[in-house]
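Here is a short briefing on one protein chain and the molecule placed beside it. Look at the structure first, then read the points by topic.

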Amino acid sequence: MIRAMGLLQSWGGFGTSIASFIFLWDMIRRYCPPELIRAFDKWAQRIRSFFYPYIQISISEFMSNNLKPHDAYAAVEAYLSVHLAKDAKRLRAETVTGGSKLVLSMDEHERVTDEFCGVKVQWISGKLVQRESKYLPELERKYYKLVFHKKYRDMVTDIYLEQVIKAGKEIQMRNRKRKLYTNGHNKTTWSHIVFEHPATFGSLAMEVEKKQEIVDDLLMFRESKDFYARIGKAWKRGYLLYGPPGTGKSTMIAAMANLLDYDVYDLELTSVRDNTELRRLLAETTSKSIIVIEDIDCSLDLTGQRKKKPPEEKIEKTKKEVSRKDTEESGSRVTLSGLLNFIDGLWSACSGERIIVFTTNYVDKLDPALTRRGRMDKHIELSYCSFDGFKVLAKNYLRLDTHPIFESIEILMRETKIIPADVAENLMPSSLKEDAEKCLLKLVEALKQAKQLMIKKEEESSLSEAKIKQAADALQDKEDSIDKM
Ligand SMILES: Nc1ncnc2c1ncn2[C@@H]1O[C@H](COP(=O)(O)OP(=O)(O)OP(=O)(O)O)[C@@H](O)[C@H]1O
Ligand SMILES: [Mg+2]
């Protein structure tokens with residue numbers, strides 16, 4: 001009891017001394033000249049750092065100059081949520097903006113320890129409540145504080161922090177929902193929706209080796225940052241997808257985006273007013289994206305209105321005609337040279353990886369300047385459905401690896417041409433009652449019809465050829481008889 005009383009008394013004495021010290025210190029600061037106070041502060045700081053050899057770096061939720069969200073804060077948050085949140089005792093669960101998963105992060109005033117090359121650093125989460133002026137409401141600013149021993153300063157600031165930000169950004173990329181941007185409907189800026197196309201290379205009907213070659217090419221491109229830097233080229237790759245309608249060009253673009261985990265920018269050239277707008281739109285695209293210009297042959301026919309695709313036989317456009325549009329003044333004044341300039345020049349100014357994809361139904365009608373290697377690195381033909389392609393579709397649509405009807409389908413496919421879209425349409429059950437066999441029989445019927453149509457066309461064309469030959473012979477006979485007279 002007596003001991004407790006003594007302890008209380010000594011605590012009381014200590015409290016009184018602290019209060020007297022604070023009072024005295026306040027008096028000194030108030031009446032001492034400011035230079036003296038500054039010198040004292042400097043020395044106090046030196047003494048403190050001698051006894052407290054740690055460095056603190058704060059990363060605030062908002063930039064101090066313009067109150068914009070701070071990228072580094074979000075990256076640190078993502079890093080901590082994956083690597084260290086499990087060590088914290090109090091956690092917060094949130095869906096990050098644009099993200100698809102519930103993300104766990106440290107709650108306020110939690111601290112966790114990270115280790116990097118044998119050096120221990122501590123992350124502390126905190127929150128500041130500030131009021132800029134008495135007329136404004138209070139602002140809450142969250143921050144992360146990194147604490148480490150001063151002897152590791154260079155290593156932490158030069159290497160560790162950089163790696164944390166890099167790893168955090170990768171985690172953010174993985175957690176985000178991908179977007180499909182479009183500039184359609186005469187919009188001068190991009191608008192976006194969430195990109196959720198289910199296509200994959202696995203579900204794409206095409207020859208196995210050809211498909212593998214494209215997948216390898218894309219994966220190599222994604223991993224080639226250092227290679228492109230070494231050879232001094234912008235980290236970009238151009239693909240030209242060509243082939244008849246319904247052969248899977250758009251589907252392949254979706255599969256590419258899903259494989260690489262990239263966003264898609266669907267650029268409607270006919271909605272772009274001029275080259276300046278084109279440059280701006282393209283400069284606004286972000287890294288890790290695929291920029292798509294569909295039906296480039298129609299889009300470059302810049303009459304302001306996108307032309308309807310004419311049937312193949314009616315197309316009389318020659319290469320010269322396409323080039324001439326380059327200089328023609330029209331409603332939308334995007335020119336071929338504007339587009340090429342961007343691909344070659346402005347590209348280099350954009351950091352990060354980008355893929356550009358052009359699609360067309362008529363590859364031979366395109367200006368060679370547009371398709372030459374270096375601009376379009378890879379030309380991919382998507383063509384009529386092969387038996388390999390059919391097997392992929394049968395597996396996807398009907399879950400069939402094999403079936404007795406496959407044999408007749410293989411024979412018919414060798415004799416006639418059918419686009420994958422038509423095969424897919426026939427394999428799609430039109431009601432719950434329609435089983436796999438019925439779908440295969442539907443396809444057999446469609447193939448037979450296509451074959452008949454092909455034979456009929458061939459007959460017609462040989463008939464017209466015969467007629468032309470007959471007329472030419474008659475003309476020749478006439479000329480001969482005139483000569484003889
Ligand atoms: N190679 C393919 N593999 C799987 N499905 C395909 C393939 N080709 C076409 N399809 C199916 O046909 C539909 C139309 O295909 P898609 O839009 O990709 O053709 P496209 O070549 O882009 O045609 P267009 O030239 O008219 O734009 C798709 O929704 C898909 O279901
Ligand atoms: Mg398409």
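In strand 12, valine 357 is the bridge partner of valine 292. This is a predicted model, in which local features need pLDDT of at least 70 and side-chain atom pairs count only at pLDDT 80 or more, while totals for chains, interfaces and linings use all residues. Residues are numbered from 1 along each chain as its sequence is written, and chains are lettered from A and ligands numbered from 1 in the order in which they are written. Helices (H or I, at least four residues) and strands (E, at least two) are DSSP runs, numbered from the N terminus.

- Strand 11 (residues 289-293) has 4 of its 5 residues buried, so the rest of the structure largely encloses it.
- A residue is buried if 20 or more other C-beta atoms lie within 10 Å of its own, exposed if 12 or fewer, and partly exposed in between, with C-beta atoms placed from the backbone.
- Strand 11 pairs with strand 12 (residues 354-360) in the parallel sense, over 5 bridges; two strands pair if DSSP finds at least two bridges between them.
- Strand 10 (residues 263-266) also pairs with strand 11 in the parallel sense, over 4 bridges.
- Opposite serine 289 of strand 11 stands aspartate 263.
- Between strand 10 and strand 11 the chain passes through helix 8 (residues 275-283), and this β-α-β crossover is right-handed, meaning that, with the strands pointing away from the viewer, the path from the first strand over the helix to the second runs clockwise.

- Which residues come nearest to ligand 1? Of the 15 residues around ligand 1, they are Pro245, Gly248, Ser250, Pro420 and Ala421; a residue is near a molecule if its C-beta atom, placed from the backbone, lies within 6 Å of it.
- Helix 7 (249-260) and helix 15 (420-427) are the elements that give two or more residues to this shell.
- The shell has 8 nonpolar, 6 polar and 1 charged residues, where Ala, Val, Leu, Ile, Met, Phe, Trp, Tyr, Cys and Pro count as nonpolar, Asp, Glu, Lys and Arg as charged, and the others, Gly among them, as polar.
- Domain 2 (179-381) and domain 3 (387-472) each supply at least three residues to the shell around ligand 1; the domain bounds come from an automatic or database domain assignment.
- Proline 245 sits in the loop between strand 9 (236-242) and helix 7, and counts as exposed because it has 11 C-beta neighbours inside 10 Å.

**Helix 3**

- Helix 3 (residues 71-83) has 13 residues and reaches 18 Å from its first C-alpha to its last, close to the 18 Å expected at 1.5 Å a residue; the expected span is 1.5 Å times one less than the number of residues.
- Buried residues in helix 3 include Tyr73, Val76, Tyr79 and Leu80.

**Strand 3 and two loop residues**

- Serine 105 belongs to strand 3 (residues 102-106) and is buried, because 22 other C-beta atoms lie within 10 Å.
- Histidine 109 lies in the loop between strand 3 and strand 4 (111-116), and has a positive phi of about 60 degrees although it is not a glycine.
- Histidine 109 is exposed, with 10 other C-beta atoms within 10 Å.
- Arginine 399, in the loop between helix 13 (387-398) and helix 14 (406-415), has a positive phi of about 55 degrees and is not a glycine either.
- Arginine 399 is exposed, with 8 other C-beta atoms within 10 Å.
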